[in-house]
Amino acid sequence: MTADDNPLIDMIENILLTPSSDFYIATILHDPNGGALDPRTIDSVDLGTISLEGVQIGIVIRNLVVRGLSNVQVAFDSEGNPEISVDGDSVTFHAVLPNQQAGYTRPPDVPAVAAAHGDLDVTIAGQPMPPGTILLTISAVQDLKGVFTATEGAGGLSTVEITFTALSVGLDLAAGVMKITVDLATVFKETINHILNQPDMQASFLEKVNAQISSPDVLASLSQVATKARAALGTN
Amino acid sequence: MTTLMGFILNTIKPRVNDPANAKMWLPALLMQLRNDDGTPTLPIHAGRQDLGALTGTNGAFVADTFNSVYSIMNQVNTEPDPDAAFPLLTLPDVTLDGLQNMKPGNTNDRPVADGYIVDIDLAFGAYSAEVEGIPMPPLTFSGRYEIEQKLRVVATGAKETITGHGSFTVIVTDCKLVATAAAAITGSGADRVNTITVTALQIVGTVPNAPNLNFTQLTLDDDLPQKEEVMAAIQDALTDPQASGAFITAINGMLSSGANLESVNRLLSEKTSGVLDGIFGPVAAGALPVDGSEQKALTPVDQYMFDRVRLALADPASSWFLPLQLASSDDPVLEPYSNPQVDVPDQTIKGLAYTHIVLTDVLVSGASNANAPLDVTILATSSFSSRIALGSLPEGPTHSVPRQGGSVSMPVPPAPPVTFSAGFSLVQQGFKPVPLKGNIVATIANVFVPMTVTPTGADVDHLTITLSQVSADVSAAQISPTVSLDPPNGPLEQILNMLFAKPDVQQQILAALNTALAEQEGAISQQFTQIARSAILSQIGN
């Protein structure tokens with residue numbers, strides 16, 4: 001089915017694309033209570049162990065709080081069509097950050113530049129270092145992809161359930177959109193900063209973050225927030 | 001402002017003066033008056049009437065004439081008895097005819113604590129000869145008279161009496177009858193009864209020194225000397241204003257006698273309850289609503305009439321039965337109510353704009369299933385308000401109701417619930433405006449229509465019933481819409497179902513319908529005016 005022959009697809013586009021809509025893409029991804037993508041607290045990201053001149057350095061990020069990832073809008077293809085596709089009851093959208101759509105007002109708790117901060121647990125040769133901090137910024141998101149389904153609940157359409165089945169953040173790391181800064185009381189601080197800002201290391205980090213935000217728990221939480229916003233589809 | 005009683009009087013007047021009105025023409029009604037033994041009341045017969053002494057110059061002249069006649073007859077010198085110097089006039093047997101020959105003129109009504117006091121002027125001699133088989137003589141007083149004079153024999157002081165007997169016929173002119181009646185409510189609460197009682201009937205002059213008495217016949221039976229002179233003296237005495245006054249007093253006494261008023265009131269009460277039952281349908285004893293303090297009537301009579309209306313609106317046997325009235329409206333037709341196009345203002349629903357919302361071929365069926373509950377139908381002196389419940393009555397029997405181009409049959413009231421159907425088209429605004437069209441059907445339960453009804457007009461021919469503030473209230477309603485799209489589209493139909501199920505969308509549709517209805521308030525008011533007029537007119541002979 002294409003947008004040309006099914007007005008439902010046009011309506012879903014309108015719903016996701018209209019800034020005033022309750023189901024606007026930036027709106028459903030934002031929940032001040034932390035239930036959606038922005039803000040999102042990731043308990044821990046284990047970056048594993050890297051070997052530096054024979055010394056094993058273990059890096060684990062804890063309590064990583066990511067803010068600003070709702071500052072997105074639906075992407076448009078080269079022909080100016082929104083990148084939204086509908087297959088049965090499944091809707092896939094692609095979005096970009098920052099949101100530059102007229103009519104969108106960034107909520108006060110959504111920073112202009114997506115950023116994250118967290119605690120840093122580093123072990124050197126198995127020995128824990130004093131706690132450090134990590135700060136990262138994401139200046140642009142090339143492809144925030146989401147997939148959700150809308151299905152009827154037990155109570156008919158008034159209990160329609162929005163279920164997110166996938167969510168991922170795609171970054172053009174080669175373009176240097178991500179910048180990581182750690183602060184740690186060790187002589188390895190500069191080295192660790194350097195390593196973490198390597199594209200392959202960032203890719204590994206991103207992969208682990210994506211694994212977290214597409215975990216069943218997070219998708220379920222996001223689904224819950226989106227289901228509340230389903231009012232935009234017509235229910236109360 | 002015309003009072004209710006003024007309205008009734010104004011309505012009745014031309015009809016009681018219309019010989020072609022078989023139900024209300026006054027002379028025909030008056031000829032129906034019966035005494036309690038069943039004999040006709042008119043003309044009024046009465047026994048002995050003592051009119052008292054004829055005084056003044058003419059009375060003294062009669063006394064002198066009788067004295068002279070007695071002296072001649074008995075060859076004795078007499079004089080009028082100083083203790084009873086004037087002749088006494090008695091009417092042993094009289095008839096008052098021509099009362100049916102009357103036309104009501106001016107009326108006056110005054111609201112009082114228990115209802116109204118009404119004065120009605122009735123002009124005599126309104127018709128001549130015979131109309132509709134009823135003889136129409138002028139107001140004529142006739143019968144027997146006796147004039148008795150006490151005398152004293154001058155020589156002995158003995159008292160003697162001389163009496164003249166005869167017949168008279170007098171035509172009374174330059175006068176009118178003033179009927180005073182009280183319309184009141186007796187009893188209380190559910191047992192109230194409306195009564196109209198004539199309390200006085202008085203003949204009064206219409207010009208100075210009136211009424212005028214014209215003797216057309218005067219005879220003296222007694223074979224008296226100087227009979228011509230005696231008769232002349234009697235005629236002079238009887239036409240004397242003082243005697244005329246006594247005659248009129250006697251006539252008034254006859255009119256206002258208990259027996260006469262009783263027969264008048266008996267007929268009045270039959271006719272009144274007959275007309276009210278005819279207009280509103282009969283009300284069983286003890287079936288009237290008990291009024292709370294929210295009812296604000298000018299008088300208890302107004303409240304009683306309103307209570308009859310309230311009962312009639314809910315009585316399937318009454319021509320006022322609300323579902324029947326609504327079903328009988330044929331311009332506009334309200335059952336079913338149709339409207340070719342209703343424009344609904346643009347909607348913003350959950351942040352999305354919907355524009356060009358048009359409902360086409362709107363059809364609302366079952367709205368004539370209307371009930372005006374007694375406890376929310378409230379009189380406020382010059383208007384009343386109600387909150388009509390739609391779709392709350394069970395389906396009724398089939399009635400024939402008028403339509404342009406021929407009557408149709410339908411159940412009155414129609415089976416609940418109220419249903420709504422329409423075509424719709426709308427555009428969802430956004431990145432790509434999405435035009436949508438289809439059909440919507442809905443059942444509507446628990447809907448109410450508050451309204452204010454203001455009757456105005458000086459009489460039934462000018463009666464105007466104005467409906468205002470008519471607007472359906474669906475705040476407590478259960479509305480179940482079903483949307484079908486053209487072409488069909490299951491998921492989208494479900495989304496639009498949700499759209500039309502939203503109370504704020506329903507409110508907007510309703511507001512648009514209410515606006516359309518408000519534009520037709522005039523025509524609908526006119527319909528109800530016609531229906532109310534004909535319900536009244538059918539009972540009072542047009």
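The legends below describe close-up views of a predicted model. In this predicted model, local features need pLDDT of at least 70 and side-chain atom pairs count only at pLDDT 80 or more, whereas totals for chains, interfaces and linings use all residues. Residues are numbered from 1 along each chain as its sequence is written, chains are lettered from A and ligands numbered from 1 in the order in which they are written, and side-chain values use heavy atoms, with hydrogens and water left out.

View 1. B:Pro43 belongs to the loop between α2 (26-31) and β1 (44-46) of chain B; helices (H or I, at least four residues) and strands (E, at least two) are DSSP runs, numbered from the N terminus. B:Pro413 sits in the loop between β21 (408-411) and β22 (418-428) of chain B.

**View 2. Positive phi at A:Glu53 and B:Glu132.** A:Glu53, which is not a glycine, has a positive phi of about 50°. The residue lies between β1 (40-52) and β2 (55-67) of chain A, in a loop. A:Glu53 counts as exposed because its relative accessibility is 78%; buried means under 20% relative accessible area, exposed over 50%, and partly exposed in between (1.4 Å probe, protein chains only). B:Glu132 likewise has a positive phi, near 50°, and is found in the loop between β7 (130-131) and β8 (134-135) of chain B. With a relative accessible area of 58%, B:Glu132 is exposed.

**View 3. The loop residue B:Asp191.** B:Asp191 is placed in the loop between β11 (175-186) and β12 (193-205) of chain B. Its relative accessible area is 53%, so B:Asp191 is exposed. Apart from neighbours within four places in sequence, B:Asp191 is in contact (heavy atoms within 4.5 Å) with B:Thr186 and B:Gly286. The C-alpha atoms of B:Asp191 and B:Leu485 are separated by 59 Å, and these residues are 294 apart along the chain.

**View 4. Crossing of helices α1 and α7 of chain B.** The axes of α1 (residues 4-16) and α7 (residues 300-313) of chain B come within 9 Å and cross at roughly 70°. Axes are lines fitted to C-alpha atoms, for helices over the stretch in contact, and angles run from 0 to 180 degrees between N-to-C directions. B:Leu4, B:Met5 and B:Ile8 of α1(B) meet B:Val301, B:Asp302 and B:Met305 of α7(B).

**View 5. Surroundings of B:Asn17.** B:Asn17 occupies the loop between α1 and α2 of chain B. At 17% relative accessibility, B:Asn17 counts as buried. Neighbours within four places in sequence aside, B:Asn17 is in contact with B:Trp25, B:Lys103, B:Pro104 and B:Tyr127.

**View 6. Nonpolar cores.** A nonpolar core is a set of buried Ala, Val, Leu, Ile, Met, Phe, Trp, Tyr and Cys residues joined through side-chain atoms within 4.5 Å. The largest has 214 residues, and those with the most contacts inside it are A:Leu144, B:Phe141, B:Phe168, B:Phe247 and B:Phe420. Helix α5 (residues 241-255) of chain B gives the most to this core, with eight residues. A second, separate core of seven residues includes B:Phe321, B:Leu393, B:Met410 and B:Val412.
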